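This briefing covers aromatic contacts and nonpolar cores. The sequence and structure come first.

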Amino acid sequence: MIKKSKKTAVVLAVAMVLSFSSCGKADPDDFEYGQSISQLTENDIFIAGNENDWMDENDDPDLDYDSDFQPVEYSDTENKEFEEYLTDMFEESVMEDTFSYNYTILDGAHYGLAAPNPATYGDADMSEEAIEKEIKETKDDYDELMKFEGQPMTEEEYFTWLCLKSDFELSMYQNDNIYFYEPFSPMRGIQENIGTNFTEYRFDDKQDVEDYILLMKELPGYVEKVVEYENIRVEKGYAMQDMSCDEVIEQCDNILKNPEESFLILEFNNKIDELDFLTDAEKEDYKAQDKEAVLNGMIPAMKMIRDCVSAMKGKATVSGGICQYEGGKEYYENYIVPYFAGTRMSVDEMIKLMDEWAEADVNVMTEVYMSSPEAYNYFATNLDKLFEEADSREVSENIDILMKDCMDEYPEIGTIPYRTDYLSDVMSDVQENTLAYYVSPAIDDEEHNIIKVNGNNKEDLWVTLAHEGCPGHMYQNAYFQSTNPNPIRATADYLGYQEGWAVYTSYRMMDYYDFKDTEDDSAVARLCRVNKELGYMLYGRIDLGVNYEGWTKEDIASYMSEMGYNGEYAEELMNTVIGDPGVYLSYSFSQLMMERMRKKVENAMGEEFDPVEYHKVILEAGPCMFEDLEFKLDEYIYENR
């Protein structure tokens, strides 16, 4: 989000929720739809037609345009006081810690800012006194923001204010329930993401190299503060459950293995060798300093985390989802769901929509089988090699094809400069479940878009690169930056919007793919799409079931069986959504929200619907909550139909 509470922002600095650490951690295709052709009959068909027909069949008032919508009257001149407020917020956001500064800004002088000196993780104090102080400060900041309510603002200023309001309200709720926050969770914890955050640290000059080494040296002091907070959580009854502890311990063990040959040392050495502003002697000196910093910084820090989590085993006070804690169900609905799914919709309504969507996707499978059995048989027979032609190409060739030949529904911004790279052998093993990730450039640098691919998982590259590249994350980021937004908007971290867009657009790229040895590309693409949707819907729906409804392993197995999946994965899925509640909602429910919004605008605009203009509204709005985005879409409908 734009501005988390200061304390949790600092704790998250190392486990930064950046675009490159949020994609590809697990593949729903591991649990592909399992109904065989012989199981499909005419009796299985509930809804024939397009996979979005469920939106028409079910009377969903949210898909109707509000004819009473009243647009905001905007000012032609900027609100000087509000602009100053935004500048102060931006400076505070990027100056709290060195990681935030390095990833956000290329040329600090452009903003009148110099990197924090010395390099710092920020104030990581998470004591009860510090948390109480933070609660008050965040409330004061919110009150300051609300002073601008009703004041004349430009269109951009008003929408920025709206986004900040949503963000502050979510942050205040988290502050009031801070002990639900788990800093060592299996998928998003410090121990899981710290390697990527260090290996992707940008070296523009000697100071960056020296800051990096200092941060590595001081990691134990930072982790010590987080461990103190974790121990308070344990005392208050929020200890991780044993299966999550075991996964975290294994992650730490992987980092602690062969410390003299740590992947962090090898990756640093490779990056240093490429720096043309260092002499050979300086390179060797920095390599020696870094090795010492890893051995005396990173390694002790990981041991500290391992010891903390090992001591936590057996101390969990609940078994099951977060709803088993007192207040956990409310926290899940009021913080986790808005944070990951990007919506304030009630969970009960989300469940209804996801169940309807999943049923409709199953029906599409059936309908295609009945109407085009050859296409269905081709899809089922070639499931593991549908995109093998794209998989055999160079990564950049796929991205270029997507960028040049498949963007007719998206506004033009020209060729996006980028480079691709494969993870090293070491990093490929460390990040074995990662398919690829996009590293966005600093907000004042449009040149250095990077897409990294795991060569050990080189499959389904067409969809993966559409998600990470065009029209997914890279295009999404490049387009928004081309609108020259206020810098505070560019630091936003709305996972629902970001991942929802990337999933929504990448699935539509299947329609552009030329499948080998079949003439019915459209039917095969449709099957590919609903198959992937069902995989993510499975994760998302089980997340809601376990963490809100209190599902057991048996409930998951039963649900999977009903949906045509093998229930033997029930325990694995349960452990995943217990360890990191809400994570897969960013991919599953957020895509559903993107599809629903499109259907709403299509319904309102009729034959005047223009996908290019529609996507332009979404892209120019930038990262935000879906309810705030719907305001922009209502405004668009009001002005254009």
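This is a predicted model: local features need pLDDT of at least 70, side-chain atom pairs count only at pLDDT 80 or more; totals for chains, interfaces and linings use all residues.

Residues are numbered from 1 along each chain as its sequence is written, and side-chain values use heavy atoms, with hydrogens and water left out.

**Aromatic pairs**
- The whole structure holds 48 aromatic pairs, counted when ring centres of Phe, Tyr and Trp (its six-membered ring) lie within 6.5 Å.
- Tyr-539 and Tyr-584 have ring centres 4.3 Å apart and planes at 40°, so the pair is tilted (planes under 30 degrees apart are stacked, over 60 edge-to-face, the rest tilted).
- Because Tyr-539 is in helix α23 (residues 521-549) and Tyr-584 in the loop between α25 (570-579) and α26 (588-605), the pair ties together parts 45 residues apart in sequence; helices are DSSP runs of H or I, at least four residues, numbered from the N terminus.
- Both Tyr-539 and Tyr-584 are buried (under 20% relative accessible area, 1.4 Å probe, protein chains only).
- One aromatic cluster includes Phe-99, Tyr-121, Phe-203 and Phe-268.

**Charges over rings**
- Lys-271 lies over the face of Phe-203, 4.4 Å from the ring centre (NZ of Lys or CZ of Arg within 6 Å of the centre and within 35 degrees of the ring normal).
- The charged end of Lys-236 sits over the ring of Tyr-179, at 5.1 Å from its centre.

**Nonpolar cores**
- In the largest nonpolar core, of 154 residues, Ile-542 and Phe-589 touch the most other members (a core is a set of buried Ala, Val, Leu, Ile, Met, Phe, Trp, Tyr and Cys residues joined through side-chain atoms within 4.5 Å).
- Helix α23 gives this core its largest share, 15 residues.
- A second, separate core of 53 residues includes Tyr-121 and Met-312.

Conventions. Helices (H or I, at least four residues) and strands (E, at least two) are DSSP runs, numbered from the N terminus. Buried means under 20% relative accessible area, exposed over 50%, partly exposed in between (1.4 Å probe, protein chains only).
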